[in-house]
Amino acid sequence: MSTAILDAEKIPGQSLDIKTVIAADPKAVYQFRAKRLAELAEESGLAEYFGLLEQLVGAQEKVSALYGEAAKSCFGPQPKLDLSQSQPMAQQHFEWGNYWQSVLLELISELMPKVSTDLHVVLKELAKAKADVLQGYAQSMLGGRFAEVPAQYSLFIWASLSVYWSHWAVDVAQHLADNGEAHKRLCPVCGSHPVGSVIKEEPRVGLRYLHCSLCETEWHEVRAECTSCGESKGVFLWAETETNAAIRVESCDTCQGYTKMFFTDINPRLEVAADDLATLVMDSHLVEQGYSATTVNPLLLAHEQEVEPRLSEELQREKEPQVKVGDIH
């Protein structure tokens, strides 16, 4: 893995005359993610886990495509939002109720016939959980307190929250885009952490957008500063290849944080959540260097020691990059 020191002066300035917020098309997001998970399954060394994720994201796609009375039954009435608020869909800024639990039941119904016996038991337990208990889990997760939720439930609860939030976030994101509003570190729509940075080919090559881990909204962030603390000095890029790598990691010596960058202008097949999960070796290397992730992956949320997929020792040795410090690329 090679590194390059980035100074703000060396990065071309970007015009602010761009779309600051991009609303998601939830069905398209989930469809693309499921396809990418299927592509990555075998080469990841985690085929069974990726297969489960593909089924879950496929279920998200199906529920997100509901319309008419089916959608009304699942998502409830449009929530009352104060669009003058910063992050109007942050959980503390509107009455979101428990309509997301209908989404959860829909996802469970889709998954039940497809999963293993062990997961079938987990999903059955989750389907029978009391509404107030589920609501407590949701509040904990939306507050970033993932350890307060049983590890076996986290993935499915967040998937349900994501479908609900992304369903109602579209108009909010469009409103923010029309008003040129954005937010540096957290999602301008719901206040959640990003999954990672996406470097796009359109609307202009090289623009960076952060992708929300909850509502799937994307918002613009310049490439001359850390996405977490905003510092423009002491920023490094890490990559497994020395030139033109499609996936790189940006670290900051000020806050000791890091986030991955997915250059879809180089490889349009990349999908931020799926490819983040498929490149855990890069995370391991950055953690060894003393950095911590400033992002959240919706496909990897529960207690690390219990559900985080681990690479086999053989695969780890095969994929472990050689570190070269100071290469400029």
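**View 1. The buried residues of helix α4 pack against α2 (47-64), α3 (68-75), α5 (117-128), α6 (131-142) and α7 (151-178).** Packing here rests on contacts, meaning heavy atoms within 4.5 Å. Helices are DSSP runs of H or I with at least four residues, strands are runs of E with at least two, and both are numbered from the N terminus. The model is predicted: local features need pLDDT of at least 70 and side-chain atom pairs pLDDT 80 or more, while totals for chains, interfaces and linings use all residues. Residues are numbered from 1 along each chain as its sequence is written, and side-chain values use heavy atoms, with hydrogens and water left out. The buried residues of α4 are Trp100, Gln101, Val103, Leu104, Leu107, Ile108, Glu110 and Leu111. Buried means under 20% relative accessible area, exposed over 50%, and partly exposed in between, with a 1.4 Å probe and protein chains only. An α-helix has 3.6 residues a turn, so residues three or four places apart point the same way.

**View 2. Helix α4 covers residues 100-111.** From the first C-alpha to the last, its twelve residues reach 17 Å, close to the 16 Å expected at 1.5 Å a residue. The expected span is 1.5 Å times one less than the number of residues.

**View 3. Phe94 and Trp165 form an edge-to-face pair.** A search of the whole structure finds six aromatic pairs. Rings of Phe, Tyr and Trp (its six-membered ring) pair if their centres lie within 6.5 Å; planes under 30 degrees apart count as stacked, over 60 as edge-to-face and the rest as tilted. The centres of Phe94 and Trp165 are 5.6 Å apart and the planes stand at 70°, so the pair is edge-to-face. Phe94 lies in the loop between α3 and α4 and Trp165 in helix α7, so the pair ties together parts 71 residues apart in sequence. Both Phe94 and Trp165 are buried. Ring pairs link Phe94, Trp96, Tyr164 and Trp165 into a cluster.

**View 4. Tyr137 and Tyr153 form a tilted aromatic pair.** The two rings are 6.2 Å centre to centre, with 45° between the planes. Tyr137 belongs to helix α6 and Tyr153 to helix α7, so this pair ties together parts 16 residues apart in sequence. Tyr137 and Tyr153 are both buried.

**View 5. Arg248 lies over the face of Phe263.** The distance from the ring centre is 3.9 Å. A charge sits over a ring if NZ of Lys or CZ of Arg is within 6 Å of the ring centre and within 35 degrees of the ring normal.
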